[in-house]
Amino acid sequence: MPENVPGPADSWWSDAVVYQIYPRSFADSDADGIGDLPGIIERLDYLSQLGVDVLWLSPVYPSPHDDNGYDISNYQDIDPLFGTLADFERLLAGVHERGMKLVMDLVVNHTSDEHPWFTASRDGGPGGDKRDWYVWRPAREGMEPGTPGAEPNNWGSFFSGPAWTYDKASGEYYLHLFSRKQPDLNWDNPEVRQAVYAMMRWWLERGVDGFRMDVINLISKAPGLPDGPVHKGSRYGDGSAHYICGPRIHEYIAEMHREVFEGHARPLLTVGEMPGVTVEEARLFTDPARRELDMVFQFEHVGLDQGPGGKFDVRALKLTDLKASLGRWQAGLGETGWNSLYFSNHDQPRVVSRFGDDSPAYRDRSAKLLATVLHLHRGTPFVYQGEELAMANAPFATIDDFRDIESLNHYRDQLALGAEETHILEGLRHRSRDNARTPMQWDATAHGGFTAGTPWIAVNPDHVDVNAKAQLADPDSVFHYYRRLIALRHTEPAITHGDFHLLHPEHEQLYAFTRHDAASGTELLVIANFGAADLTVGLPHGWEDSETLIANLPAGPPLTSTYTLRPWEARVHRRRTA
Ligand code: ISL
């Protein structure tokens, strides 16, 4: 590694914890039922008390909200739903005053179809000035434009249906990997890239501290846009091999780094969201010597409980799969790259319902266990709003309870294909992104204290028991456990720097590993019982007199070579090795 490039574990963010805010569902100050920036400002002390270092805001830019703001129609303003640029400045100042940083969501694989770039591209027609800013193609050869199957290739969109929409006026199709209101930008056009970099610099000049980059590994498409294989049960081809980490991806990310981040005075954070990224690719993206990104979100571990029928085909998670996957990422990025650590975000079901046990008996305990296991891995942990309260999946009853375009399209298409409604709803109940998007539960009052109006999506009725106010008052709450876990990361070098060694990889109920940091002469032992039954396990020798660093239950007997963990018990022990 060149001398002037620090290793990832020496970077400012190596002991940081990031908190994701989904503004629409965080706090509503003006009673329109939708969260907003002044609402976030009112809750900054809560976040500061939790002790997180960085806030990541999901998109707050002007948008027709076809995909809740991931369809941006103006990159350099704030949607009136959320407030104004002046509110944004107050928010940023409030974040910085409290010693935290603020990271924006950068959505540049696509824009909204209402973005002036796209309307110019569409209305200018073939040969127009901005035509080449998006991906336009004629119908498949020999086919009548606009008829079924005449799309330029067979790719399906992430949100059901084809990845192409026909524009009658010009007789061509535009590509959209997501909704038809999210046309893909053409990154092969250097003008597009420069326009994006200029916009990013504008936000950095306003004082933001970095970007979370939406599906950034999809921006380079294979030349010719070849058809993909058609998997069983699907009407469309899977084009992912032609756009996941496409041929020019590293060139574009490195260029972005040079044009936007290189030599910047303030410490910044860049994290690329990367569906389908492999460990090998992630290592290239996050190797500091290559000057691309600080870290990436990978998706392997959140696909392990998915059957062959896709994301709504729910399977039980095998703990051995989770350990093998996360373990492979720990080893694969090693000393060279850097992991981001997450179980939850605005696209994933609530983790306590998914990998834990959300029954009253074990909800809090299993939420604390999941946090312990995740945060003790090597990497930068991300907490999604409400995770620190053990918020659970919602009791959605009918399709009218859902709001997300992905869920609604899936429901419509599956019904049309003849699937049973009860079966479709069952899949949605487990997997719909709306599970993560029900409003923050601030207190036990109507709508959980989220809004004085009618919330855009129902608040989970369990807010009467599960809410921030109750948890702030209870030193044993999930909130205070997260607070202690986050604080530990700031003081315990073995959490940041220690190597990772998985124990008992074949065990179906025990998640155990050590973290050894030679420099500080410390070793940590993490043991967690993923289940509601007692679990007697064999431990390595030498931990008998170790101290408890953190645990979700009061100490039991000393850690001897056989130890019985109680249901959903998680413990972290520390010993000196030098
Ligand atoms: O949840 C998913 C659909 O099954 C994921 O595939 C998701 O679409 C993917 O992770 C990309 O997510 C990001 O880009 C999308 C947006 O809808 C998500 O909210 C965002 O996180 C398009 O911008």
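Throughout this report, a residue is buried when its relative accessible area is under 20%, exposed when over 50%, and partly exposed in between, with a 1.4 Å probe and protein chains only. By that scale Arg291 counts as partly exposed, because its relative accessibility is 31%.

## About the model

What you have above is a predicted model, in which local features need pLDDT of at least 70 and side-chain atom pairs count only at pLDDT 80 or more, while totals for chains, interfaces and linings use all residues. Residues are numbered from 1 along each chain as its sequence is written, and side-chain values use heavy atoms, with hydrogens and water left out.

## Overall shape and surface

Let's start with the whole protein. The C-alpha trace spans about 75 × 60 × 50 Å along its principal axes. A compact globule of 578 residues would have a radius of gyration near 25 Å, and the 24 Å of this protein agrees with that. The radius is taken over C-alpha atoms, and the globule rule is 2.2 Å times the number of residues to the power 0.38.

Of the 578 residues, 61% are buried. The accessible surface comes to about 21,500 Å², and carbon and sulfur atoms hold 51% of it; these areas come from the Shrake-Rupley method with a 1.4 Å probe, and for residues only the protein chains shown count as cover. As for charge, there are 53 positive and 83 negative side chains, and the centres of the two sets lie 2 Å apart. Here Lys and Arg count as positive and Asp and Glu as negative, with His and the chain ends not counted. Each charge is placed at NZ of Lys, CZ of Arg, CG of Asp or CD of Glu.

## Secondary structure and contacts

The protein has 16 helices and 18 strands. Both are DSSP runs numbered from the N terminus: helices are H or I with at least four residues, and strands are E with at least two.

A contact means heavy atoms within 4.5 Å. Among the contacts with a separation of 6 or more, 70% join residues 24 or more positions apart.

## The nonpolar cores

In soluble globular proteins, nonpolar side chains tend to be buried together. A nonpolar core here is a set of buried Ala, Val, Leu, Ile, Met, Phe, Trp, Tyr and Cys residues joined through side-chain atoms within 4.5 Å. The largest one holds 145 residues, and Tyr19 and Met200 touch the most other members. Helix H5 (residues 190-205) gives this core its largest share, eight residues.

Leaving out residues up to four places away in sequence, Met200 touches Leu106, Phe211, Met213, Met256, Val260 and Phe261. Another core lies apart from the largest one; its 16 residues include Val135, Trp155, Leu175 and Phe178.

## Two histidines to compare

His110 sits in the loop between strand S3 (101-106) and helix H4 (116-123). With a relative accessible area of 1%, His110 is buried. Beyond residues up to four places away in sequence, His110 touches Tyr70, Tyr75, Phe178, Gln182, Pro183, Asp184, Leu185, Asp214 and Val215. Phe178 is also one of the members of the 16-residue core.

His96, by contrast, is placed in helix H3 and counts as partly exposed at 33% relative accessibility. Apart from neighbours within four places in sequence, His96 is in contact with Lys101, Gly207 and Asp209. His96 and Val54 are 42 residues apart in sequence, with 9.8 Å between their C-alpha atoms.

## Loop residues worth a look

Most residues other than glycine have a negative phi. Asn68 has a positive value, near 50°; this residue lies in the loop between strand S2 (54-57) and helix H3 (85-97), and is buried at 13% relative accessibility. Arg291 also has a positive phi, of about 55°, although it is not a glycine. The loop that holds Arg291 runs between helix H7 (279-286) and strand S9 (295-297).

Asp287 lies in the loop between H7 and S9 as well, but counts as buried at 16%. Asp287 and Trp338 are 51 residues apart in sequence and 7.6 Å apart in space, C-alpha to C-alpha. Finally, Asn393 belongs to the loop between strand S11 (380-384) and helix H11 (405-416), where its 15% relative accessibility makes it buried. Not counting residues up to four places away in sequence, Asn393 touches Pro349, Arg350, Ser353, Arg429, His430, Asn435 and Asn460.
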